[in-house]
Amino acid sequence: KKIVLRVVKQCVGTQGVQADYVRQEVLPPFFRNFWVRRMALDRRNYRQLVETTVELAKRVGGAEIVMRIVDDLKDESEPYRRMVTETIDDIIQALGVS
């Protein structure tokens, strides 16, 4: 999982990758498979997931990503909520609020 996250981060960060492609083809399976409670419990995957999600936000826009994960702030798992909060914080620091 960690390697897949790193590859996704590098692919999204390269020039020539269209935001529409990322939005339609990458985001749905990314959130379905990686944004799960179990990822919040493993520190190595946790950090990589946050970094990859921030990279995705730089490509498709912070609002798109925040919109997908904001409901997870109501989750009962404390580590998962912490991961969501940290991701939103990092996105805002990287892109600002507009």
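These notebook entries record what I looked up in this structure, helix by helix and then residue by residue.

**Entry 1. Ground rules**

I note that this is a predicted model, in which local features need pLDDT of at least 70 and side-chain atom pairs count only at pLDDT 80 or more, while totals for chains, interfaces and linings use all residues. Residues are numbered from 1 along each chain as its sequence is written, and side-chain values use heavy atoms, with hydrogens and water left out.

**Entry 2. Helix H5**

I began with helix H5, residues 62-69; helices here are DSSP runs (H or I, at least four residues), numbered from the N terminus. Which residues of H5 are buried? I found Gly62, Glu64, Ile65 and Ile69 to be buried, where buried means under 20% relative accessible area, exposed means over 50%, and partly exposed lies in between (1.4 Å probe, protein chains only). These four cover an arc of only 165° around the axis, which puts them on the same side of H5; the arc is that of the directions from the helix axis to the C-beta atoms.

I next asked what covers the buried residues of H5. The cover includes helix H2 (19-34), helix H4 (43-60) and helix H6 (78-95).

**Entry 3. H4 against H5**

I looked up the packing of H4 and H5 and found an angle of about 130°, with the axes 6 Å apart. Axes are lines fitted to C-alpha atoms, for helices over the stretch in contact, and angles run from 0 to 180 degrees between N-to-C directions. H4 and H5 are therefore oblique to each other, by a scheme in which angles under 35 degrees count as roughly parallel, over 145 as roughly antiparallel, 65 to 115 as roughly perpendicular and the rest as oblique.

From H4, Thr53, Leu56, Ala57 and Val60 meet Gly62, Glu64 and Ile65 of H5; contact means heavy atoms within 4.5 Å. I sorted the residues of this contact by class and noted four nonpolar, two polar and one charged. In this sorting Ala, Val, Leu, Ile, Met, Phe, Trp, Tyr, Cys and Pro count as nonpolar, Asp, Glu, Lys and Arg as charged, and the others, Gly among them, as polar.

**Entry 4. H2 against H5**

How do H2 and H5 pack? Their angle is about 30° and their axes are 12 Å apart, which makes H2 roughly parallel to H5. I noted that the contact joins Arg23, Leu27, Pro28 and Phe31 of H2 to Glu64, Ile65, Arg68 and Ile69 of H5. By class, this contact has five nonpolar, no polar and three charged residues.

**Entry 5. H1 against H2**

I turned to helix H1 (residues 2-13), whose axis comes within 13 Å of that of H2 and crosses at roughly 160°. H1 and H2 are therefore roughly antiparallel to each other. Val4, Leu5, Val8 and Val12 of H1 meet Val22, Val26, Phe30 and Phe34 of H2. This contact of H1 with H2 has eight nonpolar residues, no polar and no charged ones.

**Entry 6. Single residues**

I looked up Met83, which lies in helix H6. Is Met83 buried or exposed? With 0% relative accessibility, Met83 counts as buried. Leaving aside neighbours within four places in sequence, I found Met83 in contact with Trp35, Val36, Met39, Ala40, Tyr46, Leu49 and Val50. Between Met83 and Val54, 29 residues apart in sequence, the C-alpha to C-alpha distance is 12 Å.

Asp90 is also placed in helix H6. Not counting residues up to four places away in sequence, Asp90 touches Arg47, Val50 and Val54. I noted 18 Å between the C-alpha atoms of Asp90 and Leu27, which are 63 residues apart along the chain.

I found Gln10 in helix H1; Gln10 is exposed, with a relative accessible area of 52%. Gln10 and Glu55 are 45 residues apart in sequence, yet 8.6 Å apart in space, C-alpha to C-alpha.

Last, I checked Glu51, which has its place in helix H4 and is partly exposed, with a relative accessible area of 29%. Glu51 and Val12 are 39 residues apart in sequence and 12 Å apart in space, C-alpha to C-alpha.

How values were computed: Helix = DSSP H or I, 4+ residues; strand = E, 2+ residues; numbered from the N terminus.
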